[in-house]
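Please find below a colleague's note on the model under review.

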Amino acid sequence: MSTDWLAAAAQLVSAPSRSALAKRAVEIACTHLGVERCSLWLREGNCGRGTWGISLAGKTVDEGHLSFTFAGETAEAMAGDAPWVLMPGPHSATDGERCVSFDWIAATPLRTDGETIGVFYNDCAGSGAAIDERRQAEVVAYAGVVARLLRQLQRAEEAEMLADLASALTALMEPAQMAQAVAERTQPLLGWDRFCLACLSDDGMWFEQVGVSTGPTPAVTCQPGQRLAVDQFGKTMAPLVERQPLLLSCPTAEQVHPGCPGIGLGSAYYQPIVSRDALIGVLMVAAVDTDRYAVREAELIGAVAAIVAPTLDRMNEARRAKQSAEEYGALVRAIPDLTLVYDRDGVCLAVPSPERLSVAASVDEVLGRGVTDVFGPELQPVVDALRRAIDQGETVSVRYRLAAGGRQAWFEGRAQAMGDHALWIARDITDAVLAEERLREARLALDHAAELAQVGAWLHDLRQDQMVWSESMCRLHGLPESSIRISPGEVLERFGHPEDGARLDAAVREAVSQRKRLDETVRVRRADGAWRQCRMVGDVWCDGEGRPTHLAGMMQDITEQKEQDAQRQHLESRLAQASKMEAIGQLAGGVAHDFNNLLTTINGYAEFVLGDLPADSAYRDDLEEISRAAQRAASLTRQLLAFSRRSLIRPTDLELNQVARDMERMLGRLIGEHIELEVVLSPEPLHLRADGGQVEQIVMNLAVNAKDAMRSGGRLTITAGHAQLAQADLGPLSEVEPGEFVTITVADTGCGMTPEVLARAFEPFYTTKPVGEGTGLGLASVYGAIRQNRGHITCHSEVGVGTRFVVYLPRLHAPTLEPDVAEPAAPGGREHILLVEDDPAVRGFVERSLRRAGYVLRVADSGSHALRVAETGRIDLLVTDVIMPGKNGLEVATELAAARPDMRVLFISGYTAAVIEQQGLTPARAPLLVKPFGVGELLGKVRELLDQ
C-alpha cells in the first residue's frame, strides 16, 4: 500500500469542520491516490448531500447544492458488505464547455463503527482508463480514514451544538426567542427546509405555534403562529399525543398543520417535547428531500428536544408565575429548577418549589437544616456562595456534583441576595456537562490521532519571520507539550542538520515565490540528541491581494518508515537472489539426471574396453582420455548438484582437527611450492556432523580459489576454531538457526576482490578468469554444500590485501563412534538378479557388467514389465531405477518383497536428492547407488548386499 497518501491524509486531522475535511479529502485523493475525478457525499438520513468534488478541469468544486436518494449500485454499496461497487456506464459529465462520456463510476462507502455515513465516488472521465482494482483497494483504505475523521468531527460538532444550545437557552424567557435560538443552531447539522416549534397549552387542548422558520436562510426569522386545537392538528399526528415521534414521507397539506404547508416537502420529522413524562410541545423539521431523516438524525433531534424541554417547561412556569400573586411566586415558578431560601449560615428557611426537591431529599430533611448536614461536607462551596451573596449583595454561581435520583448528577446553582436571606436556584446540567465531555473527548481523539501518526502542525508568519508550533509539534521535537513561538533561524540552529539547512531554505523560498507546495525530507535533532528523519509539508497562504503571508503545514516523523523501506529493499534483494539460485538449481537438477545416465554409459563401456585391451594397445591412451573426460564431467555434475543443494549427502560424525590434518599434505601438493601453507588447529576437539566428502571439497575449492589469487606466491592460512552466532549475525531470511558452530577459516594474501566482484562471488557460472580456465562453479558449489550441511559462510576481501572466508558448520557436543565397515567381498557370484531400468544404454551397461560377473540375470524395461517377469522364478536381488514411467522403483520393490521377504534391493538413480526423497527413499532407508558409477562400484555394492 502506498505510504504517500497516508502521509498526505495526516493533513485531514487538523480540518476544523466536515466541509473543510471533505474539501481536503478529494484534493488529496487526486494528488496522492491518483484518482482522476472524485466527489464526496455525506449521508443525510437515507439521502445523499454533496460536499466537494473534483471537476473535469481538475478544480475543486463546491457540490453542497446537490442531493439525491441513494438507489441502484449506490444503495447496494451503502447496505452491503462490498468494499466498493462498480457502476458500469456509459456515463457522461460536463463542465459547461465540454461533455465527455466514460465507462465507469466506482462508489466506495464511507463506513465507521458499523455504519455507512456517506459515499466516495471516483471515475475515469479524464482518461477513459479501465478500472484499477489495486488503486480501488487504496481508495477503500483511504475512505476508512476519511470516514473515521468525519464521524469524529460530526460528534464534536453535535456535542458543541448541544452544549451551545443548552447555554443559550439558560437566559431566554420568551418562546419566540427560544424557537429562533433552536432554529439557528440546528439548521447546519439537521439541514431542514422548514422548522416549527409548537407548545401544548396548560389544559392540553391547544397547540400554540410559537415560531415558524422557513429556510435555509443566513438570518433565520421567527414569527408568531396560530392556536390549533389538538383534534385540528391532523389525524396523522395522533401518535404525538402519546409522546411518540412521527416520521412522514412526502407529507400532504392535510397532514401538516396550517402555517407550515406540506406542499413540496419530501419528508418531515415530529419530535414530542416531554417534561416529567408529560407532552409539553412538538419540534418539527422538514426537508424537500425524501427520506431525509433516519436513526442518527432522530437521536440528535431527540437530544435537542431534551435540552429544549426544561427551557420550555421553565417558560411555561414563568407564564403561570405571572398569574400568581404568591410571595416570590413570579420569580420562583418561572424557574424550572430547585429553589430554596437560606440564611448566611446555610440553613434552609423555606422551600418555595417542593415538587422539585425530590431529586435530592424531602422537605422534612431539608427545612431547618444546614446544607452540609443534609448533603455532606462536599457542598461547603454552596455555603460559601450563600454567605458571599448575602454579605456583598451580589449573585454568586457555583458548580457541584451530587448523587440525585440514583445517579451522579451535575448542578449549577446561583445565590441571589434578598436582604438577610439568599434565594438558591439549582439546575441539573448533567446533559450539558456530558456534552462538554464528549466535545473534549473528540478533541482529545484528534490530538491522539496526530500523536499516533507522529504528526505536528506548524505555522510560519512570513511577515514577522516567526513560527508557531502546536503541542504535537513540540512532542515530535521532544519539548514540553505546549505550543511555542520560534524563529526559523533558531529552528535550524537548535534542531536542524547542517547539511539540510541550505536545501530547506531554498525550498521554502521557491515555495513562497512560486506559490507551490513545500515537500521536503529533513533530519531533526530532538531535545534528547536523537536524530530523526521527518517529512515537512506546507502550503502558502496569501492575503486578498495575493501576497504571501503565511506558510502552514505539518511535519511527520518517518524514521521507522525509512528504516522499514530500507529493510524491505534488503529483503527483496535477498529474496530475488534466492529465487534466482532456486531456478538455476532446478535447471541443474534436470540436467544432472540425463547427464548422469550418459556418463554411466560412457564410463562403463570405456571401462569394459580398457579391461579387454592389451597393455600395449594403440587405443589405450585414447580410451583413457575418454575415461578421464567422463570423470571430469562427473565432477562437474557433482558441482552443479552441490551449489543447488540437490546432491545426496551422507553425514557422519567428524573431528575438524583430524580432517585438517588428513588434508594438509594433499593441500600442499595442490597449491604448489610457491605458496606457503599454514594449518592452525584448535587446542580442543571440534566435533561436527556433516558429509565428510563435502567438507573436504569445501576446503579444496577454497584453497584452489586462493591459489588462483596468488599466482606470484603468497601465504595461505587454514584455521580450525569455533564461534557463537546469533540471529542478528545470520540475517532475518537465513535458513540457518543460531547457535554454536565450528569454523574453518581460509585466508590468503592474494589480489583480493572488488566490491562488485565480491557481491557476485557465490553466483553460479560467474567467473573473472579467462575463457577456458574456469566454470564459475567453484564458490557456488562451496555455498551449496555449506547450506546443505546446515552451515553458513562469510567473506571479507580487499583489493591488494587478500581474501578471508569463514565457514560455519553446526558444532556437535555428543559425537557417536562410527562402526567399522568391513571391506566388500570380491565381485562376482551365481545369485539370481532382476534388473529394472528404463534407459536402454544404462540398462545394457548394467546387464553386461552383471552377466560378466557370473550372475543369473533377468531384465525389465519398466515397473509393470518387472512384475510380469518376476511372476515365477527365484530373485535374490532386485536392482531397480528409482524414477520410471508408470510404477516407480519403490512400488516395484514393495510389491515383490511381499512375496519374497528375503530379497535384497539396490536402488540406482541419476536424479537429484530432492526428487529421490520425494519418492520416500533416503540413504538410511535403502541402499542407493547414484549415477554415474563404474563397474567396480556396481559389483562391489551388489556383492555387499548379497553377503549381508
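**Note on the predicted model**

1. Strand E31 is largely enclosed by the rest of the structure, because eight of its nine residues are buried. Buried means under 20% relative accessible area, exposed over 50%, and partly exposed in between, with a 1.4 Å probe and protein chains only. Helices (H or I, at least four residues) and strands (E, at least two) are DSSP runs, numbered from the N terminus.

2. On the basis of the note: this is a predicted model, in which local features need pLDDT of at least 70 and side-chain atom pairs count only at pLDDT 80 or more, while totals for chains, interfaces and linings use all residues. Residues are numbered from 1 along each chain as its sequence is written, and side-chain values use heavy atoms, with hydrogens and water left out.

3. E31 belongs to an open sheet of five strands with mixed pairing, in the order E26-E28-E29-E31-E30; two strands pair if DSSP finds at least two bridges between them. Strands E26 (675–680) and E30 (792–798) are the edge strands, each pairing on one side only. From one strand to the next, the twist averages 20°.

4. E29 pairs with E31 in the antiparallel sense over eight bridges, and Ile 744 stands opposite Val 807 in E31. E30 and E31 also run antiparallel, joined by seven bridges, with His 792 opposite Tyr 808 in E31. These two strands, E30 and E31, form a hairpin with three residues between them, and Gly 800 in the turn has a positive phi of about 80°.

5. Val 680 has Thr 719 as its bridge partner in E28. Helix H18 (residues 656–671) packs on the sheet, touching E26, E28 and strand E29 (739–748), and its direction makes about 175° with that of E26. Helix H19 (residues 692–709) packs on the sheet as well, touching E26, E28, E29 and strand E31 (802–810); the direction of H19 makes about 175° with that of E31. Axes are lines fitted to C-alpha atoms, for helices over the stretch in contact (heavy atoms within 4.5 Å), and angles run from 0 to 180 degrees between N-to-C directions.

6. Which residues touch the most other members of the largest nonpolar core? They are Leu 169, Val 182 and Ile 273, in a core of 39 residues. A nonpolar core is a set of buried Ala, Val, Leu, Ile, Met, Phe, Trp, Tyr and Cys residues joined through side-chain atoms within 4.5 Å. Helix H7 (295–321) is among the elements that each supply at least two residues, and H7 gives the most, with 10 residues. Not counting residues up to four places away in sequence, Val 182 touches Leu 165, Leu 169, Phe 195, Leu 283, Val 304 and Val 308. A second, separate core of 35 residues includes Leu 667, Leu 688, Ile 718 and Ala 761.

7. Glu 297 also lies in helix H7 and counts as buried, at 11% relative accessibility. Beyond residues up to four places away in sequence, Glu 297 touches Arg 43, Glu 44, Gly 45, Leu 190 and Arg 292.

8. On confidence, pLDDT is the predictor's confidence in each residue, from 0 to 100. The protein chain averages 78, and 78% of the residues score at least 70. Residues 324–330 stay under 50, with seven contacts beyond four places in sequence in the model. Where pLDDT is low, the predicted coordinates should not be read in detail.
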